[in-house]
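Please read the following report alongside the sequence and the three-dimensional view.

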Amino acid sequence: MSIAQNLLNIKSQLPESVTLVAVSKTKPVADLMEAYHAGQRIFGENKIQEMTEKWEQMPKDIQWHMIGHVQSNKVKYMIPYVKLIHGVDSLKLLKEINRLALKWRKKIDCLLQIHIAEEETKFGLDEKELKELLASEEFKTFDNIRVVGLMGMATFTDNQNQIKREFQHLKTLFDTYSQLKTENCQLKTLSMGMSGDYQTAIECGSTMVRIGSSIFGTR
Ligand SMILES: *Cc1c(COP(=O)(O)O)cnc(C)c1O
């Protein structure tokens, strides 16, 4: 099937309340343009340099989401155009995003990445770190960022029950902290679900899925 067909097929399965991020990392601009012509306007990349190169070449009505781990020293390259940063997992990184956003007189939307998987390797805050971050006095001074939600990745496994448990855990945290409404933190977006587990993620309350290989093919 073509990229356009894959895209329409997935879209037909998503409830209206769920936003689709087309994860286009490693794929050439021609492939992204095929998705663009089929109506897709939100793309996710995991490397700042690759995202910047694609942003330069592609139409300017695209929303670019950074879904990968972000290094503080590279933040400056994406501040001019990035729409949403999914993988924020430290106060230090928030501070750097805030500093550069201020310089550009912008407010940058961020999701806090939560560690829900069993695997040690995945990035993200645990429950205690999330609580501490949101309660810290320093966080409250960050006027140029907006924490608009949470993001997480389930364990890479065939065990559907485990995936479900992990997504449910993230949803519980999301519901808890959604009640906290401050100047720079109001959770609305729950980014969870990829090609292999997005149906489960949606059942568990996802509002944003990040889908790559089911649209663009294997990497
Ligand atoms: C690559 C990636 C995806 C998409 O993965 P697929 O399995 O290709 O759908 C989603 N989220 C993150 C954070 C990724 O790095």
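## Parallel strands

In this predicted model, strand 3 is joined to strand 4 (residues 84-88) by 2 bridges, and these two strands run parallel. Within this pairing, M66 stands opposite I85 in strand 4.

Strand 3 (residues 63-66) is also joined to strand 2 (residues 42-45), here by 4 bridges, and this pair likewise runs parallel. I42 stands opposite Q63 in strand 3.

## The annotated lysine

Which residue does UniProt list for "modified residue: N6-(pyridoxal phosphate)lysine"? The record, an unreviewed entry, gives K25 for this feature. In the model, K25 lies in the loop between strand 1 (19-23) and helix 2 (29-37).

Is K25 buried or exposed? Its relative accessibility is 19%, and because buried means under 20%, K25 counts as buried. Leaving aside neighbours within four places in sequence, K25 is in contact with G44, E45, N46, E50, K54 and R219.

## An asparagine in helix 1

N6 is found in helix 1, which spans residues 3-11. With a relative accessibility of 14%, N6 counts as buried, because this value falls under the 20% cut-off. When its neighbours within four places in sequence are left aside, N6 is in contact with M1, S214 and I215.

Notes. Residues are numbered from 1 along each chain as its sequence is written. This is a predicted model: local features need pLDDT of at least 70, side-chain atom pairs count only at pLDDT 80 or more; totals for chains, interfaces and linings use all residues. Side-chain values use heavy atoms; hydrogens and water are left out. Buried means under 20% relative accessible area, exposed over 50%, partly exposed in between (1.4 Å probe, protein chains only). Contact means heavy atoms within 4.5 Å. UniProt positions are given in the numbering used here, feature names are shortened, and annotations may be inferred rather than shown by experiment. Two strands pair if DSSP finds at least two bridges between them.
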